[in-house]
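The tour moves from one selection to the next.

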Amino acid sequence: MADTTAHAEVGAPAAAPGHADTPHHPIKLYLAVWGWLFVLSACSYLVDYIGLHGWLRWTLIVLFMLLKAGLIVAIFMHMAWERLTLIYAILLPPLLVMVFVGIMASEANYTLLTRVLYYGGGN
């Protein structure tokens with residue numbers, strides 16, 4: 001019986017792993033993402049151009065910003081094709097930081113409200 005496994009010679013340089021069978025993403029995908037980034041940026045600028053104010057303005061701007069960041073992370077940073085554990089390891093900590101900042105902000109508003117109610121409005 002002949003040995004069918006290939007063995008590298010001692011001292012021979014190792015071949016680059018998997019260049020022939022590495023999947024390449026089509027340029028159409030990147031062009032589509034660039035198009036969506038352009039559209040989302042245009043929508044973000046239109047929010048200011050139209051003259052929206054208050055919570056609606058900031059909600060739309062943050063929504064467009066998060067959509068653009070998600071596209072960039074998913075496609076250009078190749079997170080859409082990574083293992084789920086790596087995605088959790090990279091995306092979960094910033095998400096938790098945002099949750100904790102939201103909790104701190106709501107607690108700060110509550111503290112301010114109780115101080116204004118119980119200590120007076122500065123009369």
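At what angle do helix 1 and helix 2 pack, and how far apart are their axes? Select residues 27-50 for helix 1 and residues 54-76 for helix 2. In this predicted model, the two pack at an angle of about 165 degrees, and their axes are 9 Å apart. Angles over 145 degrees count as roughly antiparallel, so helix 1 is roughly antiparallel to helix 2. The crossing of helix 1 past helix 2 is left-handed.

**The contact between the helices**

Next, show side chains where the two helices meet. On the helix 1 side, select Leu29, Tyr30, Val33, Trp34, Trp36, Leu37, Leu40, Ser41, Cys43, Ser44, Val47 and Asp48. Their partners in helix 2 are Arg57, Leu60, Ile61, Phe64, Leu67, Lys68, Leu71, Ile72, Ile75 and Phe76. Colour this selection by class: the contact of helix 1 with helix 2 has 17 nonpolar, 2 polar and 3 charged residues.

**Serine 44**

Now centre on serine 44, which is in helix 1. Is serine 44 buried or exposed? Serine 44 counts as buried because its relative accessibility is 14%, and the cut-off for buried is under 20%. Display Ile61 and Phe64 as well: serine 44 is in contact with both, when neighbours within four places in sequence are left aside. For a distance check, pick the C-alpha atoms of serine 44 and leucine 63; these residues are 19 apart along the chain, and the atoms are separated by 9.0 Å.

**Valine 62**

Move to valine 62, in helix 2. How exposed is valine 62? Its relative accessible area is 36%, so valine 62 is partly exposed.

**The whole chain**

Finally, zoom out and select everything. The chain has 3 helices and 0 strands, and along the sequence the pattern reads α-α-α. Of the 123 residues, 9% count as buried. Among contacts with a separation of 6 or more, 54% are between residues 24 or more positions apart.

Key:
Residues are numbered from 1 along each chain as its sequence is written. This is a predicted model: local features need pLDDT of at least 70, side-chain atom pairs count only at pLDDT 80 or more; totals for chains, interfaces and linings use all residues. Side-chain values use heavy atoms; hydrogens and water are left out. Axes are lines fitted to C-alpha atoms, for helices over the stretch in contact, and angles run from 0 to 180 degrees between N-to-C directions. Helices (H or I, at least four residues) and strands (E, at least two) are DSSP runs, numbered from the N terminus. Angles under 35 degrees count as roughly parallel, over 145 as roughly antiparallel, 65 to 115 as roughly perpendicular and the rest as oblique. A crossing is left-handed if the near helix is turned anticlockwise from the far one by less than a right angle, and right-handed if clockwise. Contact means heavy atoms within 4.5 Å. Ala, Val, Leu, Ile, Met, Phe, Trp, Tyr, Cys and Pro count as nonpolar, Asp, Glu, Lys and Arg as charged, and the others, Gly among them, as polar. Buried means under 20% relative accessible area, exposed over 50%, partly exposed in between (1.4 Å probe, protein chains only).
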